[in-house]
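Please read the following report alongside the sequence and the coordinates.

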Amino acid sequence: MAFPILSSLIVLPIVGALLLFFVKDDERGEAVVRNIALVVSVLVFAETLLLWARFNPATADFQFVERYAWIPQFGISYAVGVDGISLFLLVLTGFLTPLALLSSWESVHKKTRAFCMFVLLLEAAMIGVFVSLDLFLFYVFWDAMLVPMYFLIGIWGYERRVYAAVKFILYTMAGSVLMLLAILGLAVLHNAQVGGYSFDLLRMYQLSIPEPLQFWFFLAFALAFAIKVPLFPFHTWLPDAHVEAPTAGSVILAGVLLKMGTYGLVRFAFPLFPAAAAYFAPMLGLLAVVGIIYGALVAMVQPDMKKLVAYSSVSHLGFVVLGIAAMNTQGVQGAVYQMLNHGVSTGGLFLIVGMLSDRRHTRLISEYGGLKKVTPHLVAAFLIVTLSSIGLPGLNGFVGEFLILLGAFRWNPKMAAFAATGVILSAAYMLWMFQRVNYGPVTNEKNSRLVDLRTREWFVIVPIIAMAILMGVLPNIFLKPIEPSVQRMLNQVQQGATPARIEAKR
């Protein structure tokens with residue numbers, strides 16, 4: 001029997017969190033707690049790299065599949081597997097979690113044990129979402145990940161942390177309930193057609209779902225995923241959550257949690273309901289373009305660095321939804337790649353803003369200026385991550401945005417043209433913010449005494465920069481495993497989408 005590598009990825013962080021129970025939560029135990037959590041998260045990342053090394057990029061099938069009966073009377077099973085779409089999201093989760101833990105060294109000093117436990121439990125739930133091949137199991141992990149993030153924001157956040165945490169969980173739970181109803185509806189439909197309840201995703205792909213039902217089910221799934229992305233106009237919870245969350249929470253929220261919405265569209269909403277997906281794709285594309293421009297314009301006027309980066313997430317994730325709505329190889333492949341890019345670039349920006357906030361205890365752009373003379377290494381890292389975020393050729397952001405715009409242009413040239421303005425606006429607000437923070441004279445005396453990158457911070461920021469360069473220079477090592485799975489998904493959508501496409505054109 002093969003080693004259950006996917007189950008071990010889920011279990012290892014849970015075991016690490018349980019181990020922390022046996023360490024005293026006092027000043028003497030704080031270092032032990034942090035080190036155990038960091039070691040466990042690094043082991044999880046190493047295991048995701050092993051998974052990547054053993055992954056066969058030539059096939060579109062799910063690999064490392066594990067399947068066990070869980071609640072057989074209702075057709076519920078523990079079924080996990082990975083394909084090219086979910087593979088790198090697992091690697092991204094493993095990559096960002098230890099960096100998030102390292103970033104909390106200076107900023108989190110109360111209830112450190114509970115903090116590290118919640119981060120590890122959140123990692124386990126996120127991995128579970130990406131590997132689930134049973135809709136019931138997916139829903140369990142989907143809701144389970146809300147609890148650790150709720151506490152991370154509500155306990156270790158800033159002044160309005162409770163408000164932001166409650167808003168976050170209310171928004172996401174509202175969409176989740178509708179998705180649960182649609183999942184139950186699919187199980188009932190499977191029973192009517194096949195004779196027996198099932199929540200198996202691969203079986204659901206084979207169901208013949210009447211078009212009226214497809215439309216309602218698609219709307220239920222798409223709403224849950226649109227809130228999670230978040231897609232305009234469901235985005236209002238995100239700036240509050242980002243601004244009030246601790247740095248580690250913001251990194252994980254931007255780097256991984258938001259991708260679950262776009263991942264859900266690719267994995268569930270589009271292939272399960274192809275006719276409805278084809279019908280609603282133009283509307284999704286339009287909302288994505290509005291979100292791209294709106295997010296960029298609102299980011300441009302933000303006085304708070306963290307809020308600016310939060311609104312940039314709304315804009316950049318609009319590109320991902322646009323690529324998915326285009327429903328062609330370049331668009332969807334670019335969307336999956338852009339999920340990874342956004343995790344690296346925006347995660348890096350939140351890490352740097354956190355470093356500045358730890359030093360000055362403020363995130364207001366007006367409080368800075370002239371940092372280039374005081375902290376040259378920190379500013380150099382800030383510049384590379386900023387250029388990565390705005391899509392400079394040679395860095396990771398360029399590849400994803402190029403593929404998305406190429407796919408969008410093939411689908412709808414007008415939408416692609418409007419979306420392209422988001423690239424220009426992104427460069428405008430990011431470079432303007434960078435200039436105000438780092439150039440000019442040191443007008444505030446407090447800034448003249450700031451320390452440059454510490455040893456621990458080098459270990460946080462160097463992997464981000466290395467990944468941004470690697471993904472920009474050698475994108476094919478990531479794109480090659482993604483392509484077969486994307487093509488399989490598009491074939492599923494196109495086989496059932498033709499009537500709805502004709503109706504949509506009318």
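## A31 and its helix

A31 belongs to helix α2, which spans residues 27-54; helices (H or I, at least four residues) and strands (E, at least two) are DSSP runs, numbered from the N terminus. With a relative accessibility of 45%, A31 counts as partly exposed, where buried means under 20% relative accessible area, exposed over 50% and partly exposed in between, for a 1.4 Å probe and protein chains only. The C-alpha atoms of A31 and T112 are separated by 9.3 Å, although the two residues are 81 apart along the chain.

## Basis of the values

This is a predicted model, in which local features need pLDDT of at least 70 and side-chain atom pairs count only at pLDDT 80 or more, while totals for chains, interfaces and linings use all residues. Residues are numbered from 1 along each chain as its sequence is written, and side-chain values use heavy atoms, with hydrogens and water left out.

## Aromatic contacts

A search of the whole structure finds 31 aromatic pairs, a pair being two rings of Phe, Tyr or Trp (its six-membered ring) with centres within 6.5 Å, counted as stacked with planes under 30 degrees apart, edge-to-face over 60 and tilted for the rest. The rings of F130 and Y263 have centres 5.2 Å apart and planes at 90 degrees, so this pair is edge-to-face. The pair links F130 in helix α4 (residues 112-131) with Y263 in helix α12 (residues 259-272), 133 residues apart.

F130, at 1% relative accessibility, counts as buried, and Y263, at 0%, also counts as buried.
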